[in-house]
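Subject: Structure handover

Hello,

Here is the structure I said I would pass on. Please open it beside this message and follow the notes below.

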Amino acid sequence: MSEPRPDCLFCRIVAGEIPATVVLDTQRVLAFRDISPQAPVHVVVIPKDHHADVVALSSAEPALAGELLAAASAVAAQEGLADGFRVVLNTG
């Protein structure tokens, strides 16, 4: 488990220091609406533990990387996106 970083926006959202409109909250994953949406439904899905990027996450906790994809699928179903949705992974 990685230590939260005070300079990380996502760590601060997980800690509740920055408000977010949460749409899914599991033991290890948090999903919330983007404050500047680029699509009608724009949800950010993150691990609750800090990982520098998707490469670090997938090497340190591959099962958690899978949980992120499962969470994205659950959010899509919850949002009525059965016909399809887009998943973007940003690194760097």
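The count of salt bridges comes to 6 in this structure. Please keep in mind that the model is predicted. The notes take some of the salt bridges, then a surface patch, then the pockets.

Salt bridges

Start with R12 and E17. These two form a salt bridge in which the closest N and O atoms are 3.1 Å apart. How exposed are the two partners? R12 has a relative accessible area of 32%, and because that value falls between the cut-offs of 20% and 50%, R12 is called partly exposed. E17 has a relative accessible area of 53% and is therefore exposed, since the cut-off for that word is over 50%.

Next, look at K48 and D25, whose side chains meet in a salt bridge with an N to O distance of 2.4 Å. Which parts of the chain does this pair tie together? K48 sits in the loop between strand 3 and helix 2, while D25 belongs to strand 1 (residues 22-25), so the bridge links parts that are 23 residues apart in sequence. K48 is partly exposed, at 25% relative accessibility.

A further salt bridge joins the side chains of E67 and R28, at 2.8 Å from N to O. E67 is in helix 3 and R28 is in the loop between strand 1 and strand 2, so this pair connects parts that are 39 residues apart in sequence. Both partners are partly exposed: E67 has a relative accessible area of 30%, and R28 has one of 26%. This bridge is part of a network, as salt bridges with shared partners join R28, E61 and E67.

Surface patch

Is V87 buried, partly exposed or exposed? With 43% relative accessibility, V87 counts as partly exposed.

Largest pocket

The largest pocket holds about 1300 Å³ of space. It is lined by 39 residues, and those closest to its centre are V43, V44, V45, V88 and L89. The elements that each give two or more residues to this lining are helix 1 (9-14), strand 3 (43-47), helix 2 (54-60) and helix 3 (62-78). Which of them gives the largest share? That is helix 3, with 7 residues. By type, the lining of the largest pocket consists of 25 nonpolar, 8 polar and 6 charged residues.

Second largest pocket

About 160 Å³ of space lies in the second largest pocket. Its lining is made of L9, F10, I13, I18, P19, A20, F32, R33, D34, I35 and V44. Helix 1 and strand 2 (29-33) each supply at least two of the lining residues, and helix 1 has the largest share, with 3. How do the residues of this lining divide by type? There are 9 nonpolar and 2 charged residues, and no polar ones.

Regards

How values were computed
Residues numbered from 1 in each chain as written. Predicted model: local features only at pLDDT ≥ 70, side-chain atom pairs only at ≥ 80, totals over all residues. Heavy atoms only, no water. 1 Å grid on protein atoms, 1.4 Å probe; cavity = no way out; pocket = protein on both sides within 12 Å on 5 of 7 lines; lining within 4 Å. Points joined across faces, edges and corners; volume = space filled by probe spheres on them. Helix = DSSP H or I, 4+ residues; strand = E, 2+ residues; numbered from the N terminus. Nonpolar A, V, L, I, M, F, W, Y, C, P; charged D, E, K, R; others polar. Buried < 20%, exposed > 50% of the residue type's maximum accessible area, 1.4 Å probe, protein only. Salt bridge = Lys/Arg side-chain N within 4 Å of Asp/Glu carboxyl O.
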